[in-house]
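Hello,

I am handing this structure over to you, and I hope you enjoy looking through it. Please have it open while you read my notes.

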Amino acid sequence: MITCIFLILLISISLTSFYPSFAAPVLEISGLDVEEVTSGLSAPTTMDFLGQNDFLVLQKNDGQVRRVVNDVLQPNPVLDLSVTSNSERGLLGIEIVHTDPPTVYLFFTESSSDGGIPLGNRIYKYTWDAPNSQLINSVLVKDLPVLPGANHNGGILVADVNDNVFAIIGDLNRDGILQNFPTENPDDTSVIIPVDPTGPYVAMGIRNSFGLSFDPVTWNLWDTENGHRTNDEINLISQNFNSGWQTIMGPFNGAFPDVNIPGHGIYSYSEPEFTWLDTICPTAIAFVQSIPLSILGDYALVGDCNNGQLYRFPLNPTRTAFDFSDFASLQDLIADDNTERDLLRIGIGFGRITDIKVGPDGLLYIVSIADGAIYRIFPVDTDGDGIPDVNDPNTEITTDTVAVDTTFGGDLTVDGATFTIPPGITVEFDFVNNKILIKNPGGKILIQFDGKIT
Ligand SMILES: [Ca+2]
Ligand SMILES: [Ca+2]
Ligand SMILES: [Ca+2]
Ligand SMILES: [Ca+2]
């Protein structure tokens with residue numbers, strides 16, 4: 001049984017011929033909305049930004065790097081790689097480092113021709129040639145294993161605050177010392193590994209992952225990990241982290257209280273920060289620090305592949321764990337069922353999410369491999385003054401009048417004088433004309449107050 005993103009994708013693609021359109025995504029959080037940026041992509045995996053309204057996005061199966069400028073998908077790829085794409089292989093990860101000119105890192109399953117024999121999971125870096133809109137000067141920076149596979153290639157690339165680049169790779173179905181078997185030498189599987197410059201593993205014992213991200217506030221590294229039928233995880237990558245696979249997936253103090261984890265070297269086991277008991281195939285994890293989306297600033301955002309849903313996880317004040325004080329059933333750090341899973345849901349209908357990125361515009365971009373589309377989450381600005389609703393001054397209300405519920409009656413104080421409002425009477429605050437209107441149930445104005453409302 002393969003709990004995998006891309007196998008599911010194959011199923012979903014075959015379904016598209018019978019069901020030509022997917023449901024449009026819907027956000028379930030007030031003050032934000034979602035729109036399509038572009039579509040017509042073939043199995044897009046991950047994306048990164050060259051600049052404002054200018055990004056590259058990878059196509060898993062044909063190895064093409066596509067460019068989107070001002071929401072328009074450019075007709076010609078900026079690079080066309082030869083990739084093996086069966087199962088979870090293909091063109092998987094991108095990280096753009098903003099040197100001058102930019103350096104673009106790509107993680108892909110290289111072959112001599114599309115669909116050919118896999119030569120390796122390889123990371124190359126390129127120079128962005130802006131005048132010609134292409135990637136040039138390829139340099140191999142890391143040659144990672146690919147066999148036996150074919151799943152659990154990982155493939156996500158990230159850069160830290162100093163532009164050091166890291167990759168995550170899964171177990172490729174190996175049973176070695178990095179999977180916590182007391183055998184064999186380390187082989188660059190099940191790890192988070194620095195690739196440019198190279199260095200010791202950051203983490204080991206990872207079954208598979210499609211999500212790796214630095215929190216731009218703390219510069220702590222977080223991942224999502226994919227369980228075998230059960231126990232998907234979110235982890236804060238502690239120093240010399242061992243995630244425990246293949247001895248354990250999910251929390252230690254659950255089903256396996258007495259398991260001994262062989263480990264390796266300096267790496268020590270640490271519990272997941274969160275676990276889904278039933279797999280959802282979590283993929284991207286992202287942190288938003290932007291003025292337009294400030295209401296998401298204290299959360300980790302996670303997308304999933306099985307349900308096309310978006311979740312937000314409230315961070316504690318030090319951003320080292322989740323704060324579930326508002327969610328009693330999550331205080332065990334486990335979503336035991338779909339009801340608990342959906343307590344943190346803020347979006348649905350994204351098809352199958354494979355990446356979440358924050359743009360230079362401060363907005364959130366979501367890649368849907370199943371929809372062949374990229375969506376953008378933006379703040380609602382009902383009054384059109386350029387300031388999102390959530391940041392509008394208190395005196396600025398998004399509709400002309402606001403009705404106050406007086407079903408149960410109440411007191412209204414205007415200029416120090418208090419009026420008792422009987423039940424059933426409507427009070428409207430008209431912020432455009434600066435009036436307070438008290439109306440009877442038929443809408444007739446009983447009392448009108450004029451003057452600036454503050
Ligand atoms: Ca190709
Ligand atoms: Ca783990
Ligand atoms: Ca629970
Ligand atoms: Ca506004």
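Below is what was found, going from the whole chain to a few single residues.

This is a predicted model: local features need pLDDT of at least 70, side-chain atom pairs count only at pLDDT 80 or more, and totals for chains, interfaces and linings use all residues. Residues are numbered from 1 along each chain as its sequence is written, while chains are lettered from A and ligands numbered from 1 in the order in which they are written.

**The whole chain**

The protein chain has two helices and 35 strands; these are DSSP runs numbered from the N terminus, with helices being H or I of at least four residues and strands E of at least two. Of its 454 residues, 42% are buried. Here, buried is 20 or more other C-beta atoms within 10 Å of the residue's own, exposed is 12 or fewer, and partly exposed is in between, with C-beta atoms placed from the backbone. Among contacts (C-beta atoms, placed from the backbone, within 7 Å) between residues at least 6 apart in sequence, 56% join residues at least 24 apart.

Two strands count as paired if DSSP finds at least two bridges between them; β10 (residues 120-129) and β11 have eight, in the antiparallel sense. β10 and β11 form a hairpin with four residues between them, and serine 133 in the turn has a positive phi of about 50°.

Leaving aside residues up to four places away in sequence, isoleucine 192 touches Phe166, Ile168, Tyr201, Val202, Ala203, Leu212 and Ile237.

Proline 182 lies in the loop between β13 (165-169) and β14 (191-196). Proline 182 counts as exposed because it has 9 C-beta neighbours inside 10 Å. Its C-alpha atom is 8.3 Å from that of histidine 264, which is 82 residues away along the chain.

Best wishes

Methods: Two residues are in contact if their C-beta atoms, placed from the backbone, lie within 7 Å.
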